[in-house]
Number of protein chains: 2
Amino acid sequence: MKQIIVVSLAVGLVTGLIGYNATAAGEADAARMPALAEMPGGYRDWPVIAVAHEEGKLNDIRAILGNDVAMKAFRAGAGTYPDGTIIARLAWDYHPLEESRQAFGAPQSFVAGSPKNGVQFMIKDAKKYASTGGWGYVEFDNGKPSATAMPEACFACHSIVKNRDFVFSQYAP
Amino acid sequence: MKQIIVVSLAVGLVTGLIGYNATAAGEADAARMPALAEMPGGYRDWPVIAVAHEEGKLNDIRAILGNDVAMKAFRAGAGTYPDGTIIARLAWDYHPLEESRQAFGAPQSFVAGSPKNGVQFMIKDAKKYASTGGWGYVEFDNGKPSATAMPEACFACHSIVKNRDFVFSQYAP
């Protein structure tokens, strides 16, 4: 199964998005494809939705950014997101700041170190991504869509918060 | 001494910024004053410089945002900042996310809860704030400049990173 998905993905990357909606299996295919071929222009300048620290294997500190459509929806607090919403997840090494440890005599500040765990996006298109809750997912590693970070894995975890339209983050005012 | 500062601050808030540079003690006064009377318009939409978690008494998770001048300087990596640089520090409760704890069976995600510890800004004006390393400081609590968060206290802590032009944050790419 994994091989089939990888092959499908590779073919998809070559052929691009052409024909996505033309096939009977279009929606299921879309769920298996990286939702974007390139990172959205200017995403690094998008406003902050929220920040978080992940423990365990992830062990990162992260910022969740949103495009204009996302920010409007988050700030409205509706709890659902219209088509066109894009949410970006940037993550970095969870890095102890030596200067403040020395000053305080104990661990004090943990800051963003090197980029880690790729840059992830979720894109709302209720029809195109109907089989994954209306959201497409993609992870970029070194600027390229990851062939190993499967949208299904993203969806499986985001299903934990199905009651919030599959979005973990809540707007941090 | 503290009373004198508080009185000076109160007078300053009433009289505004008029006469700042007209007095012989202008620079020293500037260092004791909140650097801004109002929060900069649109600061919440500024891009992210970095994110951090503070342990100890602060116990928050935070985002450091920058205006255009700041972002340009951070991205250039010069390590010093021109006049007009404004850096914003937003902080929130360090809040364990219940959904991911349940899913993982252990603490996993710590997210931004309610706003905490005010919204702080540092503003570069090498001449005006010469006595505090070229930076003016201000904390806003409930949208108003704090009379208890003294610029001197900000400066004392930021002096730890004098070698980085008094700026803790480094750009998280």
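In the predicted model described here, helix H3 of chain B (residues 68–76) has as its buried residues B:Ala70, B:Met71, B:Ala73 and B:Phe74, where a residue is buried if 20 or more other C-beta atoms, placed from the backbone, lie within 10 Å of its own. Because these residues cover an arc of only 165 degrees around the axis, they are on the same side of H3(B), the arc being that of the directions from the helix axis to the C-beta atoms. Helices (H or I, at least four residues) and strands (E, at least two) are DSSP runs, numbered from the N terminus. The buried residues of H3(B) pack against strands E1 (48–54), E2 (60–66) and E3 (86–96) of chain B, and H3(B) is followed by B:Gly77, whose phi is positive, near 70 degrees.

Residues are numbered from 1 along each chain as its sequence is written, and chains are lettered from A and ligands numbered from 1 in the order in which they are written. Local features need pLDDT of at least 70 and side-chain atom pairs count only at pLDDT 80 or more, whereas totals for chains, interfaces and linings use all residues.

Between the chains, 30 residues of chain A are in contact with 30 residues of chain B, contact meaning that the C-beta atoms of two residues, placed from the backbone, lie within 7 Å. On the side of chain A that touches chain B, E1(A) gives the most, with six residues. Three bridges join E4(A) to E1(B), and these strands run antiparallel; in E1(B), B:Glu54 is the bridge partner of A:Ser109.

Technical notes: Buried ≥ 20, exposed ≤ 12 C-beta atoms within 10 Å, placed from the backbone. Pairing = 2+ DSSP bridges.
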